[in-house]
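Let's take a friendly walk through a chain and one of its helices. Please have the viewer open as you read.

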Amino acid sequence: MKTVKDSRKDLIVNEIQLWKQASMLPEHYCDYLLALYTEGDVMEQSDQKKAKKKTMLKDFLFSICAMLISLFVIYFTELSIVLQTTILASFVGLLVGIGIYYTKKQLSPILLYMAAACILLLSSIEIIEELFGRNSFGMYITLFMNCFLWITAGLKWKLGYFCLSGMAGLILLIIFILL
């Protein structure tokens with residue numbers, strides 16, 4: 001339970017943060033007062049928020065770069081299918097590995113997992129087209145397997161967006177096949 005002393009301290013800290021946001025006092029005064037009343041806890045929290053923002057930005061840039069390089073490898077190079085598959089599989093493995101590492105560090109790996117899923121989808125479609133040509137049955141099986149993989153990953157890692165996207169993909173694929 002919070003004591004009256006703790007609630008007063010929280011009130012003072014909130015008021016100082018409002019002063020800082022409204023520039024009612026110089027920032028260094030507010031930082032000093034916050035450090036004094038919180039015994040240094042506020043500074044650690046703001047540093048953690050900055051670190052999380054940097055991590056999210058790095059994730060976003062890395063995911064976008066991996067997807068762009070994958071698209072380049074698939075559509076704009078004359079590499080053999082084995083080399084393309086190796087490059088794309090290494091991207092998927094790297095993105096999933098980093099995502100698992102971030103999950104253990106309690107950071108959000110959403111962008112990494114989504115990029116890995118998109119690269120896996122693109123590479124599996126490219127492999128099927130290379131092996132079987134424009135065979136629609138092979139394409140349907142590949143898309144079903146990707147959707148099933150997304151649902152399985154979503155259930156295993158408790159990622160609702162993967163379950164939802166896998167189910168939506170299955171429903172759209174079934175509708176497309178039936179039409």
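## About the model

This is a predicted model in which local features need pLDDT of at least 70 and side-chain atom pairs count only at pLDDT 80 or more, while totals for chains, interfaces and linings use all residues. Residues are numbered from 1 along each chain as its sequence is written, and side-chain values use heavy atoms, with hydrogens and water left out.

## The chain as a whole

The chain has seven helices and zero strands, taking helices as DSSP runs of H or I with at least four residues and strands as E runs of at least two, numbered from the N terminus. With a radius of gyration of 24 Å, well over the 16 Å that the globule rule gives for 179 residues, the chain is more spread out than a compact globule. That radius is taken over C-alpha atoms, and the rule is 2.2 Å times the number of residues to the power 0.38. Along its principal axes, the C-alpha trace spans about 70 × 35 × 30 Å.

Buried residues (under 20% relative accessible area, 1.4 Å probe, protein chains only) make up 27% of the 179 residues.

## Helix α7

Phe162, Cys163, Gly166 and Leu173 are the buried residues of α7. They cover an arc of only 100° around the axis, which puts them on the same side of α7; the arc is that of the directions from the helix axis to the C-beta atoms.

These buried residues pack against α5 (110-132) and α6 (136-157), where contact means heavy atoms within 4.5 Å. On the other side of α7, the exposed residues (over 50% relative accessible area) include Gly160, Ile171 and Phe176.
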